[in-house]
Amino acid sequence: MSGAEFVPLSLPPILIGVFAAIACALPGNFLVLRRQALIGDAISHVVLPGIVVAFLITGTVSTWPMMIGAALAAFVAVILIEAIRRLGRIEPGAAMGVVFTAMFAGGVLLLERSDTSSVHLDVEHALMGNLESLIWLDAFGWSSLFDLEALAGLPDELPRIFVTMLGVIAFIWLFWRPLKISTFDEGFAQVMGMPTNALGLALVAVSALAAVAAFDAVGSIIVIAMFICPPAAARLVTDRLGRQVGWSALFAALSAVLGYVLAGYGPIWLGGQDSVSAAGMIATVSGLILAIAALFGPCRRGGRA
Amino acid sequence: MIWQALTLQLGYNATLVTIGAMLIGIAAGVTGTFLFLRKRALVSDAISHATLPGVGLAFIVMVALGGDGRNLAGLLIGSALTAAAGLACVQWLTLRTRLAEDSAIGAVLSVFFGFGVVLLTVIQTMESGRQAGLDGLLLGSTAGMLLSDAILIAVGGAVTLALTLLWRRPMILVAFDPDFAAASGLNIRLVDFATMALVMAVTVIGLKIVGLILIVALLIIPPVTARFWTDDTAHVWQLSGVVGGLSGFVGAAISASAPDLPTGPIIVLTSFALFTLSLFLAPNRGVMAAILRHVQFQRRVHLRQGLLALAQSQPIFERYTVKLLEREGLARADGVATDSGRARAAKALRDEKRWEVLRALPDQEATAALYDGLREIETVVTRDQLAEIDALIPQPAGVPS
Amino acid sequence: MAPVTLVAENGQTEPENLDHSPLAIRGMTVSYGQKPVVFSVDATIQEGSMTAIIGPNGAGKSTLLKAALGILRPLSGHVSVFGRPLATQRHRIAYVPQRASVDWDFPTTVLDVVLMGLSRELGLVGWIKGHHKSRAIECLTRVGMEDFADRQIGQLSGGQQQRVFLARALAQGADLYLLDEPFAGVDAATEKAIIAVLKTLKEQGKTVVAVHHDLATVADYFDRVFLLNTRKIAEGTVAEAFTAKTLNAAYGGRLATAQIDQLTLTG
């Protein structure tokens, strides 16, 4: 394929997919190790009510209010889950189930009751994103990458998710040691004077941030898949935390690239004409990678020697 | 309108949907209880998301065979097959790899759902797929429901409920105490399998009305709600069935009474309202009751500790303790005991001594284990025993007899 | 607060030395729900001592330790460490949690776990340098685990895991060592190795406190005991506090009199 076609049509979605996948997979490592993998599930469900409420308040479909709304919804959900878990003495899984289904139902109801016919806001969009439509019309080929004027026409999602990914990387790098110690041995971390509760909350907040930024571009399915599948696959490949995080980023990026390419060209190779959902395909590929790791990963089995 | 809906006067279809929703609600509430008690509530989330590829595959297969891809029975069979596959993947990942169940659930639900979305986009490109309306199964939709669909749902709900009630005893046993159940000869894996099969049945039958994303709510919210009101397993599942049935019935009726009120979300929000009420108001486990109890409890502990410190002229480090003693007229603001404070303190100290003696008595071990610093010794031993104990300690001065 | 004289419950007076005690607890009550498991406990650990916290199952031993360290929130209670608030003295404390309290499947190596003991010194982003590693190896050598440095922690036996935990505590270079059931489920060789290390610490003037459950070894391993059963039963040297009378008060009928006689006679 020529650069003239690839750069405007495929490069931006692939990059956005890769950045979103990595931004979710990195905190996902710690969520998986802390047995909080489903926090990612809960967060991605409550994004919908968040954006609907933001839309009802502002009356427009613009990015920033919606991202703030989604982030606030994630925050409310986490607080509610904690509150129900502690106040009602209910196991975390059930508390999560209560909160995210109720909030999601509220979001759907609000959406149905409000007039969104004039704007592009629906449940499918929230679930599946619109990765394919994030194209770069100002580009004419590889040379456009060095053309400031053309670069200004990049889809907004690209710089946003890139910055988010950098933020996530910075968080993980800066708090690597406390995150690792408090995940492994919380009591020890507390006696060392580490604010373990604040750290846990910060991890969830960073995950929510990644989820909200990623969901805007790629929809919630990828968000859940990327929180869990690459870190889980990476855990089955290595016994060192540092390497696990590295592998998870690699698996995430691989899922995004392969998934996008398969969704766009797979059907054509098979004789069809239309592409299939890139978000769905990226999630599917991450599942295949996990399946391979679960079957052949050198560290797939736990327990002692 | 609402009244007519609640009394089932909105036509044959609406009535069947309402009854079907109620039956599904009851069945989901009861089966959900066993998942909840087994602490596996969110397995249902994996099962429900895993139905999507089955729906897509069934549609494609039915069209390929020359039939109508929208046949509900066919779609439901397909969804049950992939739901079972998803469940099998969760089990396999949990048992055969080092991954924990929550990771397995999250992986399965996102990957199966993602693959389902891929299939939906494939269907959209098919000739017959443009108006397939399969996305209605994501969130449930009762609009344009065929009579045959409504009958299928009502009958399916009734059969699932009947099976749930039939198998409830072994399921209760396993949920309550798996070790005991195994020891008494129950095949735990078989019972767990039956539970999961019922969860799957509820999910599949609920797809059309509630939708696959929200059906989880019907499996989780009613048991959690019921748990607030009772500690007795048998009552939990009964109450949970009532909560689920009520949510299904009222929710479906409300949604039938006006346009733009989607059935699934209304049912879920109805059950959530019941949950919220229970969370705050339940007499024993509710939040209000718990807060009240904790405040009183903390007060008792501090008061008792304060009295013991007074009796032994130890300094009191906690401001709250001093304040309590002062408010009760037992001490002055500077921590010096009043007359009544001295008397109560001496009594508290004597009781501690009595417990000490009691603990050393070889035949009183069970009674001594009741000690928690607060329990009045008079409530655990008889008057005669107390006299015996007192005979073993020198009577301190200043205790009113 | 002005220094005061405490009157112990047995009527003897002992000097109040909150100022010097490595760990002083006053009026500590901890409850799970509505049931206090530790009630109004005072404890004064003596500097340079090796103290065993003993008591029957469910007596609140681990709970007391965790509440004193701020891991559990007590209902009431006052704690001072070396005469100062806990928060200012954390660098002088090394804590060895119960082995079962962590996930041994965690993706990390033995050396990595020991290096966790240096994290205060390393700060948030400090690089691990050669001398840090050699110090960690040295700590592993003291517990006889230097050959396992690169092993994944899940591959170790229970005793080996416990030794790694002890090595991590040694790496902290603390003055007060608090161990929760360090001998639970470990082999005899490990038990011997651990007690040898702890005795060396004591010789260096450090203070050691351990939750302990084997009454038969109390007198061999420790010089002081703290007997607990929801309330404090006794506190003092082994000779003072580890007597037939106190054991009976703590354990009630659970220990036969003959057993108690044997224990206290050998001690």
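Reader: Why does C:Glu181 count as buried?
Author: C:Glu181 has 22 C-beta neighbours inside 10 Å. A residue is buried with 20 or more other C-beta atoms within 10 Å of its own, exposed with 12 or fewer, and partly exposed in between, the C-beta atoms being placed from the backbone. With 22 such neighbours, C:Glu181 therefore counts as buried.

Reader: What kind of model is this, and how are residues, chains and ligands labelled?
Author: This is a predicted model: local features need pLDDT of at least 70, side-chain atom pairs count only at pLDDT 80 or more, and totals for chains, interfaces and linings use all residues. Residues are numbered from 1 along each chain as its sequence is written, while chains are lettered from A and ligands numbered from 1 in the order in which they are written.

Reader: Where is C:Glu181 found, and what is its phi?
Author: C:Glu181 lies in the loop between strand S8 (176-180) and helix H6 (188-203) of chain C. Helices (H or I, at least four residues) and strands (E, at least two) are DSSP runs, numbered from the N terminus. The phi of C:Glu181 is positive, about 50°, although the residue is not a glycine.

Reader: What makes C:Ser40 buried?
Author: C:Ser40 has 25 C-beta neighbours inside 10 Å, so it counts as buried. Its place is in strand S4 of chain C.

Reader: Why is S4(C) called largely enclosed?
Author: Of the 11 residues of S4(C), 10 are buried, so the rest of the structure largely encloses this strand.

Reader: What makes S3(C) and S4(C) a pair?
Author: Two strands pair if DSSP finds at least two bridges between them. S3(C) and S4(C) have 7 bridges, in the antiparallel sense. C:Ile25 stands opposite C:Ala43 in S4(C). The two strands form a hairpin with 2 residues between them. In the turn, C:Gly33 has a positive phi of about 65°.

Reader: How many residues of chain C touch chain B?
Author: 23 residues of chain C are in contact with 27 residues of chain B. Contact requires C-beta atoms, placed from the backbone, to lie within 7 Å. S4(C) gives the largest share of chain C's side, 4 residues. By class, that side has 8 nonpolar, 10 polar and 5 charged residues. Here Ala, Val, Leu, Ile, Met, Phe, Trp, Tyr, Cys and Pro count as nonpolar, Asp, Glu, Lys and Arg as charged, and the others, Gly among them, as polar.

Reader: How many residues of chain B are in contact with chain A?
Author: 49 residues of chain B are in contact with 53 residues of chain A. H6(B) supplies the largest share of chain B's side, 15 residues. That side divides into 35 nonpolar, 7 polar and 7 charged.

Reader: How do you know how confident the predictor is in chain C?
Author: Through pLDDT, the predictor's confidence in each residue, from 0 to 100. Chain C has a mean of 87, and 89% of its residues reach 70 or more. Confidence is lowest in S1(C), at a mean of 38, and highest in strand S9 (residues 207-211) of chain C, at 97. Over residues 1-16 of chain C the pLDDT is below 50. The model scores ipTM 0.92 and pTM 0.87.

Reader: What makes A:Thr183 buried, and which residues is it in contact with?
Author: A:Thr183 has 26 C-beta neighbours inside 10 Å, so it counts as buried. Its place is in helix H9 (residues 176-184) of chain A. Leaving aside neighbours within four places in sequence, A:Thr183 is in contact with A:Phe30, A:Leu33 and A:Arg34.

Reader: What makes a set of residues a nonpolar core?
Author: The residues must be buried Ala, Val, Leu, Ile, Met, Phe, Trp, Tyr or Cys, joined through C-beta atoms within 7 Å. The largest nonpolar core has 219 residues. A:Ala23 is one of those with the most contacts inside it. Helix H2 (residues 11-33) of chain A gives this core its largest share, 16 residues. A second, separate core of 91 residues includes C:Ile25, C:Leu69, C:Val211 and C:Phe226.

Definitions and conventions
Contact = placed C-beta atoms within 7 Å.
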